[in-house]
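Colleague: I am new to this structure and would like to learn how to read it. Could you take me through it one feature at a time?

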Amino acid sequence: MEIWKATSLNNTKLVLGEGAIWSSSRKLFFYVDIEGQKVGLVDPVSGMTKQRQLQEKVGTVVPTEDGQLLIGLENSISIFDFDSEELQELIKLEAEIPTNRSNDGKCDAAGRLWIGTMNKEAKGAVGTLYCFDGEQIKKKIPNRKVSNGICWSADNTKMYYVDSFDYNIKVYDFDLESGAISNERIIVEMKESGFTPDGMTIDEKGMLWVAMWGEGTVNKYNPLTGELIGRVEVNAPHVSSCAFGGTTMTQLLITTASAGLSDEQLKQFPESGTLFLVDVGIKGTQMNPFKIQNKI
């Protein structure tokens, strides 16, 4: 099994880091701090980070085609300009369920946003996975617990998806033109006590990289066999998301959380809540931007 060791940038401290993603147009990583109500960026060359404070929790961030950001706020999907800090709401998201909030989400190759919701206290199967094309928002998978990592195969025929409290990775047959999903099946089972799958990304060979909350790792899985074939070790137990990027697309940005740890754990793992980087020497796939021309 391949083993890598991630290095902490040690220049920012997040409560609940999440949503790591690479912007190929801006040559920057973006991320969110859900509980800290922030959107941040990282320059992988200099290690410089910048953050913007918002007024509510933010579940995910996705670059748009014109250099802005699409963000999932507690009960809306909005466009955010990181430089000017201008915020424009596009559509409400479960505003009638104030106990829910948005969580992880990414765009498919057609530029549609797939975003999940969850109970703010992670209780019950009350969330939904949605698909938003800029005009309409459609329910795709109901009764979600903690909707999390999502990505697609290079040929756009498969969609991979994590609901953290299902403790597995599922795959669906995917139709790019219509956005239809079908034929749900489990490809990786994760039943180890105390470890929870979280954010996920995919490399150019189709291998899945999954942030493991509670385990202090990003695990690399073969989706064809379900086998664990690699591991990135992170000096923080609550690993929440990961994304490939950098000039060669071989760097992995990893977000972690300081939330949910005891004082003793925080002393043992003082880098909890920081951002980590590692060059794994394997190219990741470019994440898809939101097609801004579709917006309302």
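Modeller: Let us begin with sheets: two strands count as paired if DSSP finds at least two bridges between them. Please keep in mind throughout that this is a predicted model.

Colleague: In what order do the strands of the open sheet run, and what is the sense of their pairing?

Modeller: Four strands make up this open sheet, arranged as E15-E16-E17-E18, and their pairing is antiparallel. Strand E15 (147-152) and strand E18 (181-189) each have a single partner strand and stand at the edges, so one side of each is left without a neighbour in the sheet. From one strand to the next, the twist averages 25 degrees.

Colleague: How many bridges join strand E17 to E18?

Modeller: Strand E17 (residues 168-174) runs antiparallel to E18 and is joined to it by six bridges; as an example to locate in the view, Val-171 has Arg-185 in E18 as its bridge partner.

Colleague: Which residues form an aromatic pair that is edge-to-face?

Modeller: For such a pair the ring planes must be over 60 degrees apart. The search of the whole structure finds 10 aromatic pairs, and one of them, formed by Trp-114 and Phe-174, is edge-to-face, with 6.0 Å centre to centre and 65 degrees between the planes. Because Trp-114 lies in strand E12 and Phe-174 in strand E17, the pair ties together parts that are 60 residues apart in sequence.

Colleague: Is Trp-114 buried or exposed, and what is the relative accessible area of Phe-174?

Modeller: A residue is called buried when its relative accessible area is under 20%. Trp-114 counts as buried because its relative accessibility is 0%, and Phe-174, at 7%, is buried as well.

Colleague: Which residues touch the most other members of the largest nonpolar core?

Modeller: This core has 32 residues, and those that touch the most other members are Phe-30, Val-39, Val-61, Leu-69, Ile-71, Ile-77 and Leu-113. Strand E8 (69-73) is among the elements that give two or more residues to the core, and E8 supplies the largest share, four residues. Beyond its neighbours within four places in sequence, Ile-71 is in contact with several residues, including Val-39, Val-61, Ile-77 and Leu-87.

Colleague: How many residues of strand E23 are buried?

Modeller: Seven of the seven residues of strand E23 (residues 239-245) are buried, so this strand is largely enclosed by the rest of the structure. Six bridges pair E23 with strand E24 (residues 251-256) in the antiparallel sense, and Cys-242 has Ile-254 in E24 as its bridge partner. The hairpin of E23 and E24 has five residues between the strands, and there Gly-246 takes a positive phi near 90 degrees.

Terms used: Residues numbered from 1 in each chain as written. Predicted model: local features only at pLDDT ≥ 70, side-chain atom pairs only at ≥ 80, totals over all residues. Heavy atoms only, no water. Axes fitted to C-alpha atoms, helices over the stretch in contact; angles between N-to-C directions. Buried < 20%, exposed > 50% of the residue type's maximum accessible area, 1.4 Å probe, protein only. Core = buried A, V, L, I, M, F, W, Y, C linked by side-chain atoms within 4.5 Å. Contact = heavy atoms within 4.5 Å. Phe/Tyr/Trp six-rings, centres within 6.5 Å; stacked < 30°, edge-to-face > 60°.
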